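Hello,

Here is the structure I promised to pass on to you. Have a look at it first, and then read my notes below.

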Amino acid sequence: MKLVLVTFLLVSLVLSSSFFEVSMAGSGFCNSKCKVRCSKAGEKDRCLKYCGICCKKCNCVPSGTYGNKYECPCYRDMKNSKGKPKCP
């Protein structure tokens with residue numbers, strides 16, 4: 001019985017660590033892409049916040065600091081509660 005419990009705990013630990021690495025890799029991707037996207041924004045904090053939200057949901061960020069939203073339709077089509085574009 002103890003061997004089964006130890007094996008279960010070991011497998012759980014290995015699986016949870018692999019999920020943690022995947023989530024960290026995704027956030028690094030979004031952070032670097034949004035840093036470029038928001039580099040010329042007037043309100044960088046707000047730009048980075050919404051870019052990060054959009055990137056995590058869409059898994060992409062358009063290139064450049066403005067425009068090019070055709071490169072990422074999910075990012076382009078996200079709207080805020082007022083129906084205006086959510087993503088910078």
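**Salt bridges**

Please keep in mind that this is a predicted model. Two salt bridges turn up in the structure. One joins Glu43 to Arg46, with 3.6 Å between the closest N and O atoms. The other pairs the side chains of Arg76 and Asp77, at 2.9 Å from N to O.

For both, the class follows because partly exposed covers the range between the buried limit of 20% and the exposed limit of 50%.

**The largest pocket**

The largest one has a volume of about 200 Å³. Which residues line the largest pocket? They are Ala41, Gly42, Glu43, Arg46, Cys47, Tyr50, Lys86 and Pro88. Sorted by class, this lining has four nonpolar residues, three charged ones and one polar one. Glu43 and Arg46 are in the lining, and these two residues also form a salt bridge with each other.

**The fold and its core**

On the overall layout, the chain has three helices and zero strands, and its elements run α-α-α from the N terminus on. Of its 88 residues, 19% count as buried. Taking contacts between residues at least 6 apart in sequence, 41% of them join residues that are at least 24 apart.

What does the largest nonpolar core look like, and which of its residues touch the most other members? This core has 14 residues, and the ones touching the most other members are Cys51, Cys58, Val61 and Tyr75. Two elements give two or more residues to this core: helix 1, spanning 2-37, and helix 2, spanning 44-58. Helix 2 provides the largest share, with five residues. As background, nonpolar side chains in soluble globular proteins tend to be buried together.

Once its neighbours within four places in sequence are left aside, Cys58 is in contact with Cys72, Cys74, Tyr75 and Met78.

Best wishes

Terms used. Residues numbered from 1 in each chain as written. Predicted model: local features only at pLDDT ≥ 70, side-chain atom pairs only at ≥ 80, totals over all residues. Heavy atoms only, no water. Salt bridge = Lys/Arg side-chain N within 4 Å of Asp/Glu carboxyl O. 1 Å grid on protein atoms, 1.4 Å probe; cavity = no way out; pocket = protein on both sides within 12 Å on 5 of 7 lines; lining within 4 Å. Points joined across faces, edges and corners; volume = space filled by probe spheres on them. Nonpolar A, V, L, I, M, F, W, Y, C, P; charged D, E, K, R; others polar. Core = buried A, V, L, I, M, F, W, Y, C linked by side-chain atoms within 4.5 Å. Buried < 20%, exposed > 50% of the residue type's maximum accessible area, 1.4 Å probe, protein only. Helix = DSSP H or I, 4+ residues; strand = E, 2+ residues; numbered from the N terminus. Contact = heavy atoms within 4.5 Å.
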